[in-house]
Amino acid sequence: MAVAPPRDDHRLIIHFDYDCFYASVFEVEQPVLKTLPLAVQQKQILVTCNYEARRRGLRKLQLIQEAKQICPELVIVLGEDLTKFRDASKNLYRFLRAFCWSGKVEKLGFDELFLDVTDMITYNVDLLNRHDLEHAFFHLDRQDPTLGFSFDATEFHGSTYPSVSNAASGSAWSFVPAENGPPSLHIKLLLASHLAAYLRAQLEENKGHTATAGISTSKILAKLVGNTNKPNNQTTLLPPYTAAEPGAQSNVHNFLDAQDIRKIPGIGSKLSQKLTSYINSHAQPRPNSHASVMTQDDAVTVRHVRLFPGMGPVLLDQVLGGPGSPKGIGRKIWGLIHGVDNSEVLQARDLPTQISIEDSYGCLNTPEEVRKELVSLAASLIRRMRADLTEQDCDGDPAIGGRSQDPVSRGTPNIRWIARPRTLRLSTRPRPPPTSNGTQNHSFNRISRSAPLPQYVFQLDASIDALAEQLVYELVISMFRKLHPEHAGWNLRLLNIAVTNMVEAAGERKQSHGQDIEKMFQKQEMRPDFSVPGMERFLPEADGQDVGDSNLLSDNPPSGSQVNGRLDKSLYSPNDDGWEESNEDEDMPCVACSSCGSLIPHFALVAHEVYHSAPDTE
Ligand code: TTP
Ligand code: MG
């Protein structure tokens, strides 16, 4: 079946992926670390390492013990408290957003961003002096013509796919529009490649982070092509994007065909497993394959799927459809493997829908243990509220293009709340007794209770520790008693405190939510947020209702109807930065870990298994 080619109205999308993000957050704090092999540890796992360490043979998700053997001089820093990564992520996001006219800058996890720069490119292509391309000027401000940077518009910046020497590209002059003619995609991408380079340089100069970028006309293509040259590099997917004439080659097809089907955003592990086993069990042995029969695990590329006899939306529907599959899955996947992705870059919300802090425990049994943990969680919660829900009350617009200060770092020190949550929620999860045959009973039930959040937690001049103590002693303990009327022996394995029901302060700008695309990319299993049990997590809660009980200070035990069993989908939530909330994760494939029973999306399973296989983790 013919597929409509990627949209030809030429949106220009830049995808950013910060290089060895967690490690570089530490390097920015202590530049001397840049020259040393550096790893970030969570539990017994090296979650990332800098490129100096990678040069010495280390890789992401390695066991620390193994890494130390390979590289005894490795410098290891602890990365279990995510606060500094979240803060850095927000800071970089705001920095880059200040350059982007459309404001369409979408976060994907902590360390990836999409920028829709179509309007900036259109404006600059129109102003391009085709008689002096070598000394072109890119305008970063429509009002101030002096603000911008010079560049050479006769060539692309950075790498390209295919590489320019291989591309039948011809002279740059041929890409420039004829007088009054429509600009070609080629020249638009060329300008976008220079903008990407400029932004990467600004990021490095002002924030100390390097990034890898991909430039194309859609999110899926920009992300995939960016991955081809890492680190500190950028890649532009060159036209032609369609095979307009018979025999002509589309670079989109050529590029996508070689990709492993599992790497395609939008095709999660469940779908790619189905596709892989279908193709491998029905295909003839592949040319150049020594095996006479393919195994279920043979890697399947986009090309294998696209050119499989009879393949099309109908067959894809048969292979991938079934109970629980979204309608039109065949058409959607057929589009994706042809590079069709019309999803918009959405403006990220500046505000989380809730903030949730939790920790897991071997066993909490006494009031003193519980009180101590609750105070510690409450302090983290108030700290997070101050970080995410306040801003400096400064005048003027955010800095635009090329200025070294960003809206976060300049301005007066007056701090104000930009949103106030109304509700406080306490959740716990008791450890169920062993089953009759002595095996561990894995229950995912949380119980929770909610109450109005007292106003005193918004006092910005009070000490966080004092507020946390007050909150716990005046409110949280009575909520806890409602959940657990027994005096001791609760055998708790999890405590979670959250603030929800966010109300934006008057005058706060509204931004579109970005739910659709966020959902799509969550389901693509491309999000780089992976948690390890027992660490601070910032999770949206699973669906289920809290007890909206405002009369919690009485000591009456809760009736059965007041305590709701909740399916703990929030462990390993795809959305653990808490910036967006999606309860509609029916398509997020989760499996229960056979060791601890936690529900884990497929994409996090590898990290989770590594965690269990590590010594001393239980
Ligand atoms: P990545 O973008 O996968 O890795 P990276 O930025 O460290 O390295 P690269 O240069 O290859 O892009 O993930 C972003 C951050 O997420 C990473 O710095 C650490 C964290 N992370 C985890 O916490 N757990 C994980 O399993 C992985 C893969 C990453
Ligand atoms: Mg990265």
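The model is predicted: local features need pLDDT of at least 70, side-chain atom pairs count only at pLDDT 80 or more, and totals for chains, interfaces and linings use all residues. Residues are numbered from 1 along each chain as its sequence is written, chains are lettered from A and ligands numbered from 1 in the order in which they are written, and side-chain values use heavy atoms, with hydrogens and water left out.

**Overall**

The protein has 16 helices and 21 strands. These are DSSP runs numbered from the N terminus: helices are H or I with at least four residues, strands are E with at least two. Of the 618 residues, 55% are buried. Buried means under 20% relative accessible area, exposed means over 50%, and partly exposed lies in between, with a 1.4 Å probe and protein chains only. The accessible surface comes to about 26600 Å². Carbon and sulfur atoms hold 50% of that surface. Areas come from the Shrake-Rupley method with a 1.4 Å probe; for residues, only the protein chains shown count as cover. Among contacts between residues at least 6 apart in sequence, 71% join residues at least 24 apart. Contact means heavy atoms within 4.5 Å.

**The six-stranded sheet**

Six strands form an open sheet in the order S6-S7-S1-S11-S12-S10, with mixed pairing. Two strands pair if DSSP finds at least two bridges between them. Strand S6 (105-108) and strand S10 (159-161) stand at the edges. Each has a single partner strand, so one side of each lacks a neighbour in the sheet. From one strand to the next, the twist averages 20°. Helix H6 packs on this sheet and touches S1, S7, S11 and S12. The direction of H6 makes about 165° with that of S11. Axes are lines fitted to C-alpha atoms, for helices over the stretch in contact, and angles run from 0 to 180 degrees between N-to-C directions. S10 and S12 (residues 234-237) run parallel, joined by three bridges. Tyrosine 161 has leucine 237 in S12 as its bridge partner.

**Serine 193**

Serine 193 sits in helix H6 (residues 185-207). Its relative accessible area is 0%, so serine 193 is buried. Beyond its neighbours within four places in sequence, serine 193 contacts Phe156, His157, Ile215, Gln234 and Thr236. A polar atom of its side chain lies 3.0 Å from the backbone nitrogen of histidine 157.

**Ligand 1**

Around ligand 1 there are 17 residues, and Cys20, Thr48, Tyr51, Lys60 and Asp111 come nearest. A residue is near a molecule or strand if one of its heavy atoms lies within 4 Å of it. The table gives polar contacts of the ligand, meaning pairs of N or O atoms within 3.5 Å; within protein, one must be able to donate a hydrogen and the other to accept it, and residues adjacent in sequence count only if both atoms are side-chain atoms.

| Residue | Protein atom | Distance to an oxygen atom of ligand 1 |
|---|---|---|
| Tyrosine 18 | polar backbone atom | 3.2 Å |
| Cysteine 20 | backbone N or O atom | 2.8 Å |
| Tyrosine 51 | polar side-chain atom | 2.7 Å |

Taken alone, ligand 1 exposes 560 Å², and the protein buries 93% of that. S1, helix H1 (21-29), strand S3 (45-49) and helix H2 (51-55) each supply at least two residues of the shell.

**The four-stranded sheet**

A second open sheet runs S4-S3-S2-S5, with mixed pairing. Helix H1 packs on this sheet, touching S2, S3 and S5.
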